[in-house]
Amino acid sequence: MVYDGDVGAVRLELRLSNQSEWIKIFDPRDWTIFVESPETIAKGTQLRVDLDVGGWLVTLRGTVVGHREGPAGVVVALGGSEKDKINYLNGFVRGGLLNLREKRRLPIRLSVTYGAVEGPANTFTKDINEEGVFLFTDRPLPETSQVHMLLTLPDRPQPLSLIGKVSHTIVAADDEPPGMGIVFDLDDAARDQLIEIVRELEARLHAGQLPTSTVE
């Protein structure tokens, strides 16, 4: 058990040898997971769980809501911000590498610079696929606004230039993290390049080859 000072939470590691073990610890009725721990962790404690499912790495955040014995551990209620990660993980468990035709978005965190009203702004992606992306921001642009983005990719020296239009926004008053969804507006060559990049990211995500900061 490690105290994560950056997010004010306890950090636990959860390693599962295969995808079927995820089904045993995740309860879809209330979106809780069970994490074995010999330590006593009080209810209400904020947790960061570094999850490894047969090499598939992802960080989940939640709150301790209960305890179990034999084996000893805690029941963690996952936060609403983890919805996309859990949906993707459930799909991964059911079918392994996902078919891109399902249009499922990769729940990965990539650095982005985009053109905001006040000038260039820096943020991160919540998820991405070949059709669109969601960016975290407290000041989303109006819907239908055209956006130019520079997306930083792992192990690539140059950022990827993308253009899109804002399709929907989420404000701070909503239950989900604020930001904006963007639908890409690309020519055929740019879209083919993006499809290859998304496939590469997905393969590296499942192989556990992405930097830790990308799966947080």
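Predicted model: local features only at pLDDT ≥ 70, side-chain atom pairs only at ≥ 80, totals over all residues.
Residues are numbered from 1 along each chain as its sequence is written, and side-chain values use heavy atoms, with hydrogens and water left out.

**Strands and hairpins**

Strands (E, at least two residues) and helices (H or I, at least four) are DSSP runs, numbered from the N terminus. Two strands pair if DSSP finds at least two bridges between them. The two pairings described here are set out below.

| Strands | Direction | Bridges |
|---|---|---|
| β5 (residues 46-53) and β6 (residues 56-68) | antiparallel | eight |
| β6 and β7 (residues 73-78) | antiparallel | six |

Asp-52 has Leu-57 of β6 as its bridge partner. The hairpin of β5 and β6 has two residues between the strands, and Gly-54 in its turn has a positive phi of about 55 degrees. In the hairpin of β6 and β7, four residues lie between the strands, and Gly-70 in the turn has a positive phi of about 65 degrees.

**Aromatic rings**

Rings of Phe, Tyr and Trp (its six-membered ring) pair if their centres lie within 6.5 Å; planes under 30 degrees apart count as stacked, over 60 as edge-to-face and the rest as tilted. The structure holds three aromatic pairs. The ring centres of Trp-22 and Phe-26 are 5.0 Å apart and their planes meet at 10 degrees, so this pair is stacked. Phe-26 also pairs with Trp-31, edge-to-face, at 5.9 Å centre to centre and 85 degrees between the planes.

Buried means under 20% relative accessible area, exposed over 50%, and partly exposed in between (1.4 Å probe, protein chains only). Phe-26 counts as buried because its relative accessibility is 9%, whereas Trp-31, at 26%, is partly exposed.

**Charges over rings**

A charge sits over a ring if NZ of Lys or CZ of Arg is within 6 Å of the ring centre and within 35 degrees of the ring normal. The charged end of Arg-109 sits over the ring of Phe-124, 3.7 Å from its centre. Lys-126 lies over the face of Phe-134, 5.2 Å from the ring centre.

**Helix α3**

Buried residues of α3 include Leu-194, Ile-197 and Val-198. Gly-208 follows α3 and has a positive phi, near 70 degrees.
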